[in-house]
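Dear colleague,

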Amino acid sequence: MMRTNLSKCAIFYWIAVFSCSNALAVDYGLSGFGTLGGAISDHDTTYQHYIDDNGTLMRDSLVGVQLDAKFTDQWSATSQVVLAAATDEDNVLKPQLKWTLLSYRPTNDWLIRAGRLSLGGLLNQQNLEVGVTYDMARLPNEVYLLSSAYDFDGLSLVKTWSTTDYEITLDGTFGMQKRNYRLYANGSKKSEYVSGDVTGGGLVLTVTDYDQDMYRAGWSINQIEPDQGKFPNTFNFIPLGNGLYTLGRPDFSEKITATTLFLGARIPLGGFLITCEGTAVITKDVDTVPTTVGAYLNVSRKLGNWTPYITYAQAWTDGLDTWRKVKGATAVPQQGVTQTIIDDTASEMAVFDQNSWMLGTSYAFTPKQKIKAEVMLTHVGDRSAMFDGDIAHENVMVYSLSYNFSF
Amino acid sequence: MNAAVSSHMTGLLRGALFCLATLVMACTSSLCHAGIVVIGHEILQEMDKTVVGRIYTGRTVQVAGVAVQPVNMKTGDAKRASFLRTILQQSDDDYVAYWIVRRAIGKGTPPPEVENAQAVIQFVRSTKGAVGYIDEADLVPGLSVLFILP
């Protein structure tokens with residue numbers, strides 16, 4: 001509802017701006033970007049919603065347009081609409097409002113923004129959709145999986161300190177949003193989307209040397225309230241004797257709270273560019289969404305128009321024991337606990353135990369056009385909720401090719 | 001006598017070669033930076049290289065209380081390449097890439113681009129707080145010289 005209202009507000013807002021543009025002498029700027037990307041794996045289990053051995057264009061392809069308007073020296077507005085895979089159903093492309101914000105910059109060191117905006121805790125979170133702005137074919141899902149969870153309809157205050165050698169920026173963002181979370185029920189073999197209201201915000205500190213060096217640390221707290229019913233947060237188990245047990249009725253809560261920590265750095269080193277990022281999503285007493293840590297290290301080198309790179313990424317969840325226990329429950333159909341319910345419950349837990357090696361390159365025709373190719377080897381440990389289905393102790397190869405542009 | 005003339009001629013030749021070398025070095029140096037000057041609307045005062053760089057990267061939007069409006073030459077222009085290399089130590093491609101990111105994250109739009117020095121001068125004269133760059137030879141009265149590229 002909130003999302004729809006903001007979309008309507010954005011439309012009315014731009015109509016009003018266009019209507020008054022002559023009187024206000026508004027300067028407009030229209031730009032766009034897009035990615036046509038294909039990916040195929042060597043496994044029939046779907047990875048990252050779309051990638052399997054049939055191949056897909058849905059995972060990475062998108063097109064976006066951005067409208068910038070400058071009203072005065074201090075007031076401006078930006079709106080970005082992206083046509084990409086929907087966040088509330090599978091196999092559908094939908095237009096999504098990414099940014100719509102009003103900016104006020106009274107001085108060099110203050111920037112105040114209101115509207116739909118992103119916290120930006122990850123180095124490429126705010127430009128994630130603009131593939132031409134980075135060289136990796138796909139930003140590591142081990143870290144970027146939850147990146148859109150930090151978009152808010154709210155307010156952002158940015159304070160900048162400029163020293164001779166460094167620019168230091170502190171960004172405080174808070175607001176709310178309606179989010180859809182995709183769950184895959186492996187017993188029923190279907191995906192479902194649950195929606196919830198998220199209220200939260202955070203602080204992000206960035207230090208740059210006016211060139212390529214960048215260091216970032218961030219903190220965010222989010223409170224999620226599901227729209228329908230309560231949130232199952234703690235599992236209960238009923239002993240059946242002889243070491244066997246079955247699932248009992250879980251404990252429910254009306255909301256869950258997640259704290260996220262971000263840490264990132266981008267450092268040129270002897271002709272190479274080293275990029276590393278880590279996130280920790282910390283929850284307390286929530287079996288269904290346990291604490292998860294993800295990190296990656298990327299090393300790239302620009303060689304003319306080519307930028308080859310290698311990346312290692314890993315995600316690990318502090319909830320694998322609970323997942324194993326759920327998975328090991330015994331079906332007791334008389335008590336309503338079927339094997340399908342057990343499989344659905346286990347697969348809907350946000351549990352990750354995987355690592356990936358990525359070897360790829362980008363080729364820049366111009367700063368506005370890039371082709372990227374990548375081979376990714378993902379090893380799944382006991383379980384990874386990035387896969388739709390049971391896959392454990394296996395390797396999956398993913399081959400990706402994309403054309404990225406902006407104009 | 002012959003030895004004295006020869007010595008004198010050698011001295012003259014050395015002197016001429018020194019002058020020629022100095023002239024060549026001076027010309028080369030001048031061509032390297034293409035004699036570029038940063039000009040501004042008459043309301044603006046002299047500024048240093050750091051401030052000019054921050055204006056062209058969108059980090060500085062006001063100087064001494066005046067809102068600044070930078071203007072760029074088109075991509076591919078030799079003066080633009082020289083200006084970016086001297087002021088920002090960046091290639092034109094890196095500069096374009098920088099603005100693609102900055103625009104995509106909602107932190108402003110790149111400076112408008114014009115075709116030639118006359119268009120820069122016209123923009124600077126008619127826009128309060130405007131900043132541009134031209135060849136020193138194109139300078140005309142009524143413009144503030146904010147910075148001379150070394």
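This is a predicted model: local features need pLDDT of at least 70, side-chain atom pairs count only at pLDDT 80 or more; totals for chains, interfaces and linings use all residues.

I begin with strand S8 (residues 167–185) and strand S9 (residues 190–208) of chain A, which are antiparallel and joined by 19 bridges. Within this pairing, Leu170(A) has Leu205(A) in S9(A) as its bridge partner. The two strands make a hairpin, with 4 residues between S8(A) and S9(A), and Lys189(A) in the turn has a positive phi of about 55°.

S9(A) also pairs with S10(A), in the antiparallel sense, through 13 bridges. Here Thr206(A) has Arg216(A) in S10(A) as its bridge partner. S9(A) and S10(A) again form a hairpin, with 5 residues between the strands, and in this hairpin Tyr210(A) takes a positive phi near 70°.

From S10 (residues 214–226) the pairing passes to strand S15 (residues 256–269) of chain A; these strands run antiparallel and are joined by 11 bridges. Ala217(A) is found opposite Leu263(A) in S15(A). S15(A) is in turn joined to strand S16 (residues 272–283) of chain A by 12 bridges, and this pair is antiparallel as well. Leu261(A) is found opposite Ala280(A) in S16(A). S15(A) and S16(A) form a hairpin with 2 residues between them, where Gly270(A) in the turn has a positive phi of about 55°.

**A buried loop residue in chain A**

Is Leu139(A) buried or exposed? Leu139(A) lies in the loop between strand S6 (110–118) and helix H2 (141–144) of chain A. It has 22 other C-beta atoms within 10 Å, and a residue counts as buried at 20 or more, so Leu139(A) is buried. If neighbours within four places in sequence are left aside, Leu139(A) is in contact with Asn124(A), Leu128(A), Tyr134(A) and Tyr144(A). Leu157(A), 18 residues from Leu139(A) in sequence, is 27 Å from it in space, C-alpha to C-alpha.

**The contact between chains A and B**

The contact draws on 22 residues from chain A and 15 residues from chain B. On the side of chain A that touches chain B, strand S1 (27–41) and strand S5 (93–107) of chain A each supply at least two residues. S5(A) gives the most to that side, with 4 residues. The residues on this side of chain A divide into 7 nonpolar, 10 polar and 5 charged.

**Chain B**

Chain B has 5 helices and 8 strands, and along the sequence they follow the pattern α-β-α-β-β-β-β-α-α-β-α-β-β. Of its 150 residues, 32% count as buried. Among the contacts in chain B with a separation of 6 or more, 68% come from residues 24 or more positions apart.

In chain B, 4 strands form an open sheet in the order S4-S7-S1-S8, with mixed pairing. Strand S4 (69–70) and strand S8 (144–148) of chain B stand at the edges; each has a single partner strand, so one side of each is left without a neighbour in the sheet. Strand S1 (residues 36–40) of chain B is antiparallel to S8(B), and 4 bridges join the two. In that pairing, Ile39(B) has Val145(B) in S8(B) as its bridge partner. Helix H5 (residues 117–126) of chain B packs on the sheet, where it touches S1 and strand S7 (130–135) of chain B, and its direction makes about 150° with that of S7(B).

Which residues of helix H3 (residues 78–88) of chain B are buried? They are Lys79(B), Phe83(B), Leu84(B) and Ile87(B). Seen down the axis of H3(B), the buried residues fall within an arc of 130°, so they line one face of the helix. Just after H3(B), Gln89(B) takes a positive phi of about 55°.

With kind regards

Key:
Residues are numbered from 1 along each chain as its sequence is written. Chains are lettered from A and ligands numbered from 1 in the order in which they are written. Two strands pair if DSSP finds at least two bridges between them. Two residues are in contact if their C-beta atoms, placed from the backbone, lie within 7 Å. Ala, Val, Leu, Ile, Met, Phe, Trp, Tyr, Cys and Pro count as nonpolar, Asp, Glu, Lys and Arg as charged, and the others, Gly among them, as polar. Axes are lines fitted to C-alpha atoms, for helices over the stretch in contact, and angles run from 0 to 180 degrees between N-to-C directions. A residue is buried if 20 or more other C-beta atoms lie within 10 Å of its own, exposed if 12 or fewer, and partly exposed in between; C-beta atoms are placed from the backbone. The arc is that of the directions from the helix axis to the C-beta atoms.
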